[in-house]
Amino acid sequence: MIDRLFRKHPRSIGETYVEHATTAGRFGAEMLVGGLACVVHAVVPALFERTASETVKRLYGRMKARQPAFSQQRPAFEEPQWQLEYEI
């Protein structure tokens with residue numbers, strides 16, 4: 001049970017639990033900051049005009065770069081459901 005909950009996924013992408021937790025924590029924190037900027041922008045459109053879009057692009061670029069080159073499977077970011085249709 002412990003292995004399935006905490007180690008299986010990090011191992012499947014070639015990371016330790018700590019490496020994966022650190023990366024996921026950083027991504028999550030940046031998403032929160034970008035999301036808060038987007039909420040503020042919704043109320044005061046002159047503020048944070050590009051913050052949410054730039055956050056999404058930056059995180060997408062980093063996630064794309066993390067995809068293993070040796071993978072036989074098509075990376076998630078190339079799947080149609082993950083393609084950006086518009087920019088915030």
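Biologist: Before we start, which ground rules apply to the model and its numbering?
Modeller: Residues are numbered from 1 along each chain as its sequence is written, and side-chain values use heavy atoms, with hydrogens and water left out. It's a predicted model, where local features need pLDDT of at least 70, side-chain atom pairs count only at pLDDT 80 or more, and totals for chains, interfaces and linings use all residues.

Biologist: What pattern does the protein follow along the sequence?
Modeller: Helices (H or I, at least four residues) and strands (E, at least two) are DSSP runs, numbered from the N terminus. The protein has 3 helices and 0 strands. Read in sequence order, that gives α-α-α.

Biologist: How much of the protein is buried?
Modeller: Buried means under 20% relative accessible area, exposed means over 50%, and partly exposed is in between, with a 1.4 Å probe and protein chains only. The protein has 88 residues, and the buried share of them is 14%.

Biologist: What share of the contacts with a separation of 6 or more comes from residues 24 or more positions apart?
Modeller: A contact here is heavy atoms within 4.5 Å. Taking the contacts with a separation of 6 or more, residues 24 or more positions apart account for 40%.

Biologist: How far apart are the end C-alpha atoms of α2?
Modeller: The expected span of a helix is 1.5 Å times one less than its number of residues. With 27 residues, α2 should span 39 Å, and the model agrees, because the end C-alpha atoms are separated by 39 Å.

Biologist: Which helices do the buried residues of α2 pack against?
Modeller: The buried residues in α2 are His20, Phe27, Gly34 and Ala37. Their packing partners are α1 and α3.

Biologist: Now α3: what arc do its buried residues fall within?
Modeller: In α3, the buried residues are Ala52, Ser53, Thr55 and Leu59. The arc is taken from the directions from the helix axis to the C-beta atoms. Seen down the axis of α3, the buried residues line one face of the helix, because they fall within an arc of 160°.

Biologist: How is the aromatic pair of phenylalanine 6 and tyrosine 17 arranged?
Modeller: Rings of Phe, Tyr and Trp (its six-membered ring) pair if their centres lie within 6.5 Å; planes under 30 degrees apart are stacked, over 60 edge-to-face, and the rest tilted. The structure holds 1 aromatic pair. Phenylalanine 6 and tyrosine 17 are 5.9 Å centre to centre with 75° between the planes, making the pair edge-to-face.

Biologist: Are phenylalanine 6 and tyrosine 17 buried or exposed, or something in between?
Modeller: Phenylalanine 6 has 38% relative accessibility, so it counts as partly exposed. Tyrosine 17, at 45% relative accessibility, also counts as partly exposed.

Biologist: Which residue lies over the face of phenylalanine 27?
Modeller: A charge sits over a ring if NZ of Lys or CZ of Arg is within 6 Å of the ring centre and within 35 degrees of the ring normal. Here the distance from the ring centre is 5.5 Å, and the residue is arginine 62.

Biologist: Which side chain makes a polar contact with that of glutamate 15?
Modeller: Glutamate 15 is in the loop between α1 and α2 and is buried, because its relative accessible area is 14%. A polar contact is a pair of N or O atoms within 3.5 Å; within protein, one must be able to donate a hydrogen and the other to accept it, and residues adjacent in sequence count only if both atoms are side-chain atoms. Leaving aside neighbours within four places in sequence, glutamate 15 is in contact with Pro10, His20, Thr23 and Arg66. At 2.9 Å, the side-chain partner is histidine 20.

Biologist: What is phi for phenylalanine 48?
Modeller: Phenylalanine 48 lies in the loop between α2 and α3, and it is partly exposed because its relative accessible area is 43%. Its phi is positive in a residue other than glycine, near 50°.
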